[in-house]
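Colleague: I have a chain open and would like to go through it with you. Can we start with what you mean by your terms?

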Amino acid sequence: MTGSFEAIVTGATGINGVAIINRLLEEPKCSKIHTVSRRLKEKFPSKVKHYSIDLINSNPEQIAETLQKEGVTNITYAFHAAYKEESEESVMCKTNGAMLKNFVLGLEKSNSKTLKRVVLTTGLKYYGLQFGEVRLPMEESDRRVPESFAGSPNFYYVQEDILKEISANKPWDYVIAMPNDICGASQGSYMNHAFTIALYALVCKELDEPFYFPGNEKFYKGFDDISYSRLIADFQVWAAQKPETSNERFNIVNGDVHSWSRTWPKIADYFGVKVPKNQFDNWSSLSNKMTLPTPPPIKLYQEEMGIKDVPNSELINHISLPKWVQQDKVKKAWKQIAEREHLDPKLLDTGTWAFCDFLVGRTYNVISSMTKARELGYHGYYDTFQGFKETFDTLKHGKVIPF
């Protein structure tokens, strides 16, 4: 095949990794897809070859030896979507930094004559969204949030620095894709808010209770950016082959104007539950309010923007999901659903309740610019609710949630 290439994808069991594999399967120029993870849960065509490699505990020499032994010596594009959650950011830096460095150095040793580009997935945490209000829209030229703000390093910075260092004066380069909250599904991987929202809606329906937005009215009526996994993958395959994206990072979000006040009622209709009237009037022991301990990153631009001092941001949850899910009635309701529908009774415990709590509890808008990618010719777009709907449908077909 003229102009054909082989690709390798790490994190092959994750939501982003699976989406990249599926996108590469649609790419006419891609002749073979190699995947790396400790195990593979999805079933793919014979064009996909999987290798069980521990990127944390295998050094570059061992990785290179394994790839050479398996005949993986003709890789043009590498997509690194491997990720490991840790309880502390400093450990996240060490673990995820090591995985990236071990993989890329091992790949370089075994594919030195063919490797052209490494595409890394990070995220909008690059801008310090986890610390509070940021300057909007977020642009790729924005400066890094100093460690003095955060009190800890940012593993996205560590990964970017690793790529800069080891690609210097090499025949290959890199691209960094920065999605926001990822919506998508893969078998056995439920680390995203769409799955958690689905569990919440199903239990509300079982209990015949209203489908409250768990966050606050300000964020509900404000704006948020979501990144659908299919769109992220489409962008990454495009960016891998685009010379002008060399050594650059790009925001990648759906590109629509998303407000939960539009999307939440549509999700309610999908699951057959009701959004209550005056839903933010009734506060209870399930409510939660806290002020983030870190200064908001917008303070970095205070003088430039000509604005007064910005206080620390708040998280306000009308219903705190970690509290909600611990209720006996909720656990009993899910048990009933699981028994009736022949589903996994332990799935309730796998919901990312605290993570989802943070996402919807923010009191500041989340808007990122896609101008940089658009100017280079990428015009991909996805309707946010459509992304949620397709994710819910995938969960249904996978017999994760009931039809």
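Modeller: Two strands count as paired if DSSP finds at least two bridges between them. Keep in mind that this is a predicted model.

Colleague: Fine. How many bridges join β6 to β9, and which way do the two run?

Modeller: Strand β6, residues 173-179, is joined to β9 by five bridges, and the two run parallel. Within that pairing, M178 has N251 of β9 as its bridge partner.

Colleague: What is the strand order in the whole sheet?

Modeller: The order is β3-β2-β1-β4-β5-β6-β9, seven strands in an open sheet with parallel pairing. The edges are β3 (48-52) and β9 (248-252); each has a single partner strand, so one side of each has no neighbour in the sheet. From one strand to the next the twist averages 20°.

Colleague: Which strands does α5 touch?

Modeller: Helix α5, residues 155-167, packs on the sheet and touches β5 (117-121), β6 and β9. The direction of α5 makes about 170° with that of β6.

Colleague: And α8, which strands does that one lie across?

Modeller: Helix α8 (residues 229-240) lies across β4 (75-80), β5, β6 and β9. Relative to β5, α8 runs at about 155°.

Colleague: Back to α5. What is its span from first C-alpha to last?

Modeller: The span of α5 is 18 Å for 13 residues, close to the 18 Å expected at 1.5 Å a residue.

Colleague: Which of its residues are buried?

Modeller: In α5 the buried ones are F155, Y156, Y157, Q159, E160, I162, L163, I166 and S167. What they pack against is α3, β5, β6 and β9.

Colleague: What caps the N-terminal end of α5?

Modeller: N154 does, with a side-chain oxygen 2.9 Å from the backbone nitrogen of Y156. After α5 comes N169, which has a positive phi.

Colleague: Where is N169, and is it buried or exposed?

Modeller: N169 is in the loop between α5 and β6. Its relative accessibility is 82%, so N169 counts as exposed. Its phi is about 60°, although N169 is not a glycine.

Colleague: What about D208, where does that sit?

Modeller: D208 is in the loop between α6 (193-207) and α7 (217-221). D208 is another residue other than glycine with a positive phi, near 55°. With 71% relative accessibility, D208 is classed as exposed.

Colleague: Why does N96 count as buried?

Modeller: Because its relative accessibility is 1%, and the cut-off for buried is under 20%.

Colleague: What does the N96 side chain reach?

Modeller: The side chain of N96 reaches the backbone nitrogen of K84 at 2.9 Å. Beyond neighbours within four places in sequence, N96 is in contact with A82, Y83, K84, F155 and Q159. F155 and Q159 are among the buried residues of α5.

Colleague: Switching topic. Which residues does the cis peptide bond join?

Modeller: The cis bond joins L136 and P137, with omega about -10°. P137 is placed in the loop between β5 and α4 (147-150).

Colleague: And A150, which helix is that in?

Modeller: A150 is in α4. At 17% relative accessibility, A150 is counted as buried. Apart from neighbours within four places in sequence, A150 is in contact with F131 and T294.

Colleague: How far apart are A150 and T350?

Modeller: In sequence A150 and T350 are 200 residues apart; in space they are 28 Å apart, C-alpha to C-alpha.

Colleague: Now the whole chain. How many helices and strands are there?

Modeller: The protein chain has 16 helices and eleven strands. Its radius of gyration is 22 Å, close to the 22 Å from the globule rule for 403 residues, so the chain is as compact as a globular protein of that length.

Colleague: What box do the C-alpha atoms fill?

Modeller: Roughly 65 × 60 × 35 Å, along the principal axes.

Colleague: What share of the residues is buried?

Modeller: Of the 403 residues, 56% are buried. As for contacts with a separation of 6 or more, 79% are between residues 24 or more positions apart.

Technical notes: Residues numbered from 1 in each chain as written. Predicted model: local features only at pLDDT ≥ 70, side-chain atom pairs only at ≥ 80, totals over all residues. Heavy atoms only, no water. Buried < 20%, exposed > 50% of the residue type's maximum accessible area, 1.4 Å probe, protein only. Polar contact = N/O pair within 3.5 Å; in protein donor to acceptor, adjacent residues only side chain to side chain. Contact = heavy atoms within 4.5 Å. Helix = DSSP H or I, 4+ residues; strand = E, 2+ residues; numbered from the N terminus. Axes fitted to C-alpha atoms, helices over the stretch in contact; angles between N-to-C directions. Expected span 1.5 Å × (residues − 1). Rg over C-alpha atoms; globule rule 2.2 N^0.38 Å.
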